[in-house]
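Reader: I would like to learn how to read an interface between domains, and then some local features, in a model of this kind. Could we go through them in turn?

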Amino acid sequence: MSKVHAAITAVQGYVPDYVLTNKELESIVDTTDEWITSRTGIKERRILKGEGLGISDMAVHAVNGLLKKRGITADEIELIIFCTTTPDLQFPASANILADKIGAVNAWGYDLQAACSGFIFGLTTASQFIESGRHKKVLVVGGDKMSSIINYQDRSTCIIFGDGCGAVLLEPNEEGNGIIDAVLRTDGSGRQYLHQKAGGSVKPASIETVTNNEHVVYQEGQAVFKFAVTNMANVAAEIMERNNLTADQVNWLVPHQANKRIIDATASRMGVGADKVMINIERYGNTTNGTIPLCLWEWESQLKKGDTLILAAFGGGFTWGSVYLKWAY
Ligand code: UT7
């Protein structure tokens with residue numbers, strides 16, 4: 001019997017309507033469209049507006065669209081892995097909330113937290129349940145409402161992040177397509193450069209933490225940039241080497257969208273031309289767990305069965321990694 005791979009059989013994304021442009025940011029913090037564009041590649045990002053709306057509400061749009069596209073109903077889903085750094089609540093998991101909202105009454109699920117690398121960590125985790133034969137339909141959701149943890153007075157972070165969410169369905173494939181390999185890494189010593197200072201068990205929320213603005217993203221941009229640019233490129237090159245893939249054999253690089261300069265460095269290290277790189281950072285900024293599924297969604301019509309894709313990400317923690325997969329439809 002041929003080996004069972006976990007293949008993506010449907011993808012769908014959702015971004016909220018509100019467009020926060022560089023021009024608008026110029027009126028909020030001391031910045032310019034020129035600085036943001038040249039340093040990051042971002043022109044605008046989406047923001048989820050509206051009282052009482054969280055990441056699960058964006059996920060509902062993405063997943064309902066995905067189910068319709070695949071022609072299945074929510075009760076057929078067996079497992080939901082929700083990759084997010086901005087869950088609706090500390091607990092219960094957003095996977096539970098999503099299951100309830102879409103009517104996935106037969107699914108179990110949990111949240112996975114690996115900052116910007118969350119989606120590829122989730123994809124790899126989910127693939128194990130398919131390969132083992134345990135499950136036949138697994139949803140991997142990746143998304144964030146980053147605007148809920150951004151300080152819009154901090155010009156070094158508020159220009160980067162945006163809100164958005166994507167979802168993929170994984171199913172067994174015996175034609176040799178699907179997730180072939182993954183290289184995943186973590187280095188907790190990097191946590192000092194990118195984290196949220198309060199709201200966890202070390203420093204629970206208090207009047208003081210709120211007054212000091214400690215429930216927002218803290219980032220030492222230059223330090224993170226140095227680690228990201230090296231490690232994302234290295235891990236993408238490593239997965240190519242160990243699978244004997246040449247640049248010609250790679251059809252698409254699907255990079256985490258944190259900074260256009262990091263994406264360019266990764267593509268160049270792999271020897272992959274710009275025409276093979278999925279980039280939508282100019283429209284959405286960094287949606288953390290959402291970047292890679294949103295790219296897959298937007299490029300879906302250009303993907304062909306058997307295409308070789310390399311996914312690569314780097315994020316807070318530090319976390320980073322790469323996934324090699326063959327498109328299945
Ligand atoms: O996805 C999770 C992982 N995160 C990342 O991968 C992010 C990695 N880091 C980056 O992408 C970049 O470091 C940033 C985009 C965050 C910042 O770009 P940079 O080129 O590293 O700028 P910098 O922090 O070195 O700052 C350079 C200058 C500073 O001014 P001085 O000290 O040279 O006078 C900053 O104060 O740019 C200033 N600056 C800004 N100026 C205008 C910082 N932010 C802004 C801004 N507008 N928005």
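Author: The size of an interface is often given as the accessible area lost when the parts come together. Here domain 1 and domain 2 bury about 3700 Å² between them, and 61% of that area is on carbon and sulfur atoms; buried area is the accessible area (1.4 Å probe) that two parts lose on being put together, summed over both. This is a predicted model, in which local features need pLDDT of at least 70 and side-chain atom pairs count only at pLDDT 80 or more, while totals for chains, interfaces and linings use all residues. Residues are numbered from 1 along each chain as its sequence is written, and side-chain values use heavy atoms, with hydrogens and water left out.

Reader: Where are the two domains in the chain, and how many residues of each are in contact?

Author: Domain 1 covers 5-176 and domain 2 covers 180-326, with bounds that come from an automatic or database domain assignment. Their centres, taken over C-alpha atoms, are separated by 14 Å, and 52 residues of domain 1 are in contact (heavy atoms within 4.5 Å) with 47 residues of domain 2.

Reader: How many salt bridges does the rule find across the interface of domain 1 and domain 2?

Author: Side chains of opposite charge can pair when their charged atoms come close. The rule, a side-chain nitrogen of Lys or Arg within 4 Å of a carboxyl oxygen of Asp or Glu, finds two salt bridges across the interface of domain 1 and domain 2. The structure holds 15 salt bridges, including one between the side chains of Glu 300 and Lys 69 (2.7 Å, N to O) and one between those of Glu 26 and Lys 23 (3.2 Å, N to O). Glu 26 and Lys 23 are three residues apart in helix H1 (residues 22-26), and therefore separated by about one helical turn; helices (H or I, at least four residues) and strands (E, at least two) are DSSP runs, numbered from the N terminus.

Reader: Why is the pair of Tyr 193 and Phe 318 stacked?

Author: A pair of aromatic rings is described by the distance of the centres and the angle of the planes. Rings of Phe, Tyr and Trp (its six-membered ring) pair if their centres lie within 6.5 Å, and planes under 30 degrees apart count as stacked, over 60 as edge-to-face and the rest as tilted. The structure holds eight aromatic pairs. The rings of Tyr 193 and Phe 318 have centres 6.0 Å apart and planes at 10°, so this pair is stacked. Tyr 193 lies in the loop between strand S8 (178-186) and strand S9 (194-196), and Phe 318 in the loop between strand S12 (308-315) and strand S13 (319-326), so the pair ties together parts 125 residues apart in sequence.

Reader: Which peptide bond at Phe 318 is cis?

Author: Most residues other than glycine have a negative phi, and most peptide bonds are trans. A cis peptide bond joins Gly 317 and Phe 318, with omega about -10°.
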